[in-house]
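Keep the definitions in mind as we go.

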Amino acid sequence: LVVDDDDEIREMLATALGEDGHEVDGARDGGEALALLEQRPYDLVLSDLHMPRVDGPSLYETLRTRHHFPVRFATKLPRVIFMTGSPAEHAEFLRGTTDPILEKPFALRVVRKMVRVLLTATP
């Protein structure tokens, strides 16, 4: 699941990851992402941090507390990769997580490798 309010970035990532054989959905913000997560489980969420309505940190908190999702999905939380163009703006939040961070602009080869590594790693 790619979550970013920038249409070009969201579509570029969805296309590239789809070419790598991944099934990819997109959401414009954390609110749309939460609605999609209500419908089906995802193995991985690539989320921008700065978005309208529900931002990346709020989405992450909901993912970690699991109270928002159907019980049938509660056994497996998706892995998360954060994306940001302004890490200083989110420094406090980023210090509190061990999930990977991609600084914008990023190279697609880096994203593809990070996704591959996370999806093949043992939880």
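Here are some questions and answers about this structure.

This is a predicted model, where local features need pLDDT of at least 70 and side-chain atom pairs count only at pLDDT 80 or more, while totals for chains, interfaces and linings use all residues. Residues are numbered from 1 along each chain as its sequence is written, and side-chain values use heavy atoms, with hydrogens and water left out.

Q: Why is α2 called roughly parallel to α3?
A: The axes of α2 (residues 30-39) and α3 (residues 56-65) cross at roughly 25°. Angles under 35 degrees count as roughly parallel, so α2 is roughly parallel to α3.

Q: What makes the contact between α2 and α3?
A: Contact means heavy atoms within 4.5 Å. On α2 the residues are Gly 30, Ala 33, Leu 34 and Leu 37, and on α3 they are Leu 59, Thr 62 and Leu 63.

Q: How do the residues of this contact of α2 with α3 divide by class?
A: There are 5 nonpolar, 2 polar and no charged residues. Ala, Val, Leu, Ile, Met, Phe, Trp, Tyr, Cys and Pro count as nonpolar, Asp, Glu, Lys and Arg as charged, and the others, Gly among them, as polar.

Q: Which peptide bond is cis, and where is its proline?
A: The bond from Lys 104 to Pro 105 is cis, with omega near -5°. Pro 105 lies in the loop between β5 (101-103) and α5.

Terms used
Axes fitted to C-alpha atoms, helices over the stretch in contact; angles between N-to-C directions. Helix = DSSP H or I, 4+ residues; strand = E, 2+ residues; numbered from the N terminus. Parallel < 35°, antiparallel > 145°, perpendicular 65-115°, else oblique.
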